[in-house]
Amino acid sequence: MAARVPGPGASLLRRFRTVGWLWALAVVLSGCGGDRLGDPFGTAMVIDDPYRPQVHYAPPSGWMNDPNGLVYAGGVYHLFYQYNPFGDTWGNISWGYATSPDLVRWTTQGVALPARGDTLIFSGSAVEDAENTSGLCGAAPAAGCLIAVYTASFPDPDLGTRQVQSLAVSRDNGRTWTDYAQNPVLDLGLSDFRDPKVFWHRPSQRWVMAVTLSAERQVAFFASPDLRTWTELSRFGPAGATEGIWEVPDLVELPLGDGATRWVLKVDVGSGAAGGGSGGQYFVGDFDGRTFTPETPPGDLPLWLDHGADFYAAVTWNGLPNDRRVWIGWMSNWAYAERLPPTGWRGAMTLPRTLGLRATPAGLRLTQTPIREIEQQRGSPVRVEGTDAAAVDAALAERGAGGRVLEIEARLRPGEAEIVGFRVREGADEFTTVGYDRRKGEVFVHRHRAGVADLGPVFTGFKTAPLAMRDALDLRIFVDRSSVEVFAEGGLRVLTNRIFPDPQSTGLTFFAEGGAIERADVTVWPLRAARPGR
Ligand code: FRU
């Protein structure tokens, strides 16, 4: 570069140009996360835009749907995902790859399992086979030997499409992958047989797989000593919500306290979900190593994972320390996912969420709370409390609360007010409302004026979650550049929604309608952008 440094006679313009190019180069390089697997398609260049999430994972470019292969191994959180490296709509489906040291700062690693001709690499899971049960890992202990169990989907002359379960092996903690030579490991001769979630079942000392028979609205369970040979154990369903096809199951054991546990079976439905379009439901029950037996009375079903429109294909990480249960979902909806504003990338993940079970008068219910690690992104808080909504709002404004990326924690006693809540990402002509309707007993999110809104009724429709309030309402709201996630009552009710506001819409309003509130305690943090981490 030295030869290009402008001499004394160089114009200011030339000097500016050199600095400008260096800056541009630095921006591009700092956005490159594809160094480990190579970046054959130039997909790892992060182009910034008004909707690019700051505390959520989104691919640098291309299309993304479901999270896949979630496993914690070698001190790294691995996040694979359904990925089209060649376009921003669904197609060429491969496994994209990102890693993180903390579930917050993600580094894109490129394409891990590319589509091969007309064989697409559909959703699946990954495990660390440290004991080399598969015999595919070399000598035990085989730390860093990851086995991906994925659905291969390809054209079939009789079936139209055939879906089978296959393996890929990485002996270097996710860096490089080899397809198993004897694939597939499971083939029922079906066209809708997908999304294997495999985990180690400790009591029976073997691998268990939950996988969907999508058209039948069933989850099938299989067991294996070695990940290569699978025996069917049982099937569950149809049950609960059956309008849409079933996809992406997961089966997790959650503590209840005092050493007791219950199992939660989740499965997504392609249509007819609580928030409209696609979404997820769950069942609470027991799994004895062979059969899942629900304890939720059929009359109480379906139980929804999320009452917003944008929570799909959530799966838990395998291998987390201390049996921690954390999942992440695709923050979109099949009803409009391919029509989201074209920015060169489409699809974002939710915040990772910690799972729990809570005893309620209606029975055991799932809770989801944002992982504690997200709090490391918090800037200086603004705390306001009061008994007059307008005064609380004025104090928030005076102290500069608001912005594009923030966390709001509120404890609200609505008093006489019929509706109480916040407008976030507010601008001259747009806002997203997050509130509580005391008379209806509902938490709600309304995004009919949240920016781009020509995505149809599933997008614009009112999102509500029933919630009987006790003495006060607890709300946590995470706002990012193109999403709002609401966690009410410690995560008993969750509403996840994408929004597409103008970058200038940074306002935050606290409001009450129909009467005076009793009290509001509000804390607002700006959240710092999560920079790539290894
Ligand atoms: C769910 C899903 C899965 C499938 C994948 C294909 O969103 O339809 O059932 O494996 O996406 O990309």
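## Largest cavity

The lining of the largest cavity comprises 6 nonpolar, 6 polar and 2 charged residues, where Ala, Val, Leu, Ile, Met, Phe, Trp, Tyr, Cys and Pro count as nonpolar, Asp, Glu, Lys and Arg as charged, and the others, Gly among them, as polar. The model is predicted: local features need pLDDT of at least 70, side-chain atom pairs count only at pLDDT 80 or more, and totals for chains, interfaces and linings use all residues. Residues are numbered from 1 along each chain as its sequence is written, and side-chain values use heavy atoms, with hydrogens and water left out.

On a 1 Å grid over the protein atoms alone, a cavity is a set of points where a 1.4 Å probe fits but cannot get out, whereas a pocket is an open set with protein on both sides within 12 Å along at least five of seven lines; lining residues have an atom within 4 Å of a point. Points are joined across faces, edges and corners, and a volume is the space filled by probe spheres set on them. The structure holds 4 cavities of 30 Å³ or more. Two or more lining residues come from each of β1, β5, β9, β13 and β18 (312-316), and β1 gives the most, with 4 residues. Strands (E, at least two residues) and helices (H or I, at least four) are DSSP runs, numbered from the N terminus.

## Second largest cavity

The second largest cavity has a volume of about 60 Å³. Its lining consists of Y282, W304, L305, D306, H307, L366, Q368, G491, L492, R493 and V494. By class, 6 of these residues are nonpolar, 3 polar and 2 charged.

## Largest pocket

The largest pocket holds about 740 Å³ of space. It is lined by 30 residues, of which F199, W200, R202, G319 and D323 are the closest to its centre. Elements that give two or more residues to this lining are β1 (62-73), β5 (120-128), β9 (193-201), β13 (246-257) and β14 (260-269). Strand β13 gives the most, with 6 residues. The pocket lining has 15 nonpolar, 6 polar and 9 charged residues.

## Helix α2

Helix α2 spans residues 389-398, and A389, V392, D393 and L396 are buried in it (under 20% relative accessible area; exposed is over 50% and partly exposed in between, with a 1.4 Å probe and protein chains only). These residues lie on the same side of α2 because they cover an arc of only 100 degrees around the axis, the arc being that of the directions from the helix axis to the C-beta atoms.

The buried residues of α2 pack against β23 (382-386), β32 (507-513) and β33 (519-526). On the face turned away from the buried side are the exposed residues A390 and E398. G400 follows the helix and has a positive phi, near 80 degrees.

## Residue Q163

Q163 belongs to strand β7 (residues 160-170). Q163 counts as buried because its relative accessibility is 3%.

The Q163 side chain makes a polar contact of 3.3 Å with the side chain of S153. A polar contact is a pair of N or O atoms within 3.5 Å; within protein, one must be able to donate a hydrogen and the other to accept it, and residues adjacent in sequence count only if both atoms are side-chain atoms. Leaving aside residues up to four places away in sequence, Q163 touches F122, T151, A152, S153, L190, S191, D192, F193 and R194, contact meaning heavy atoms within 4.5 Å.
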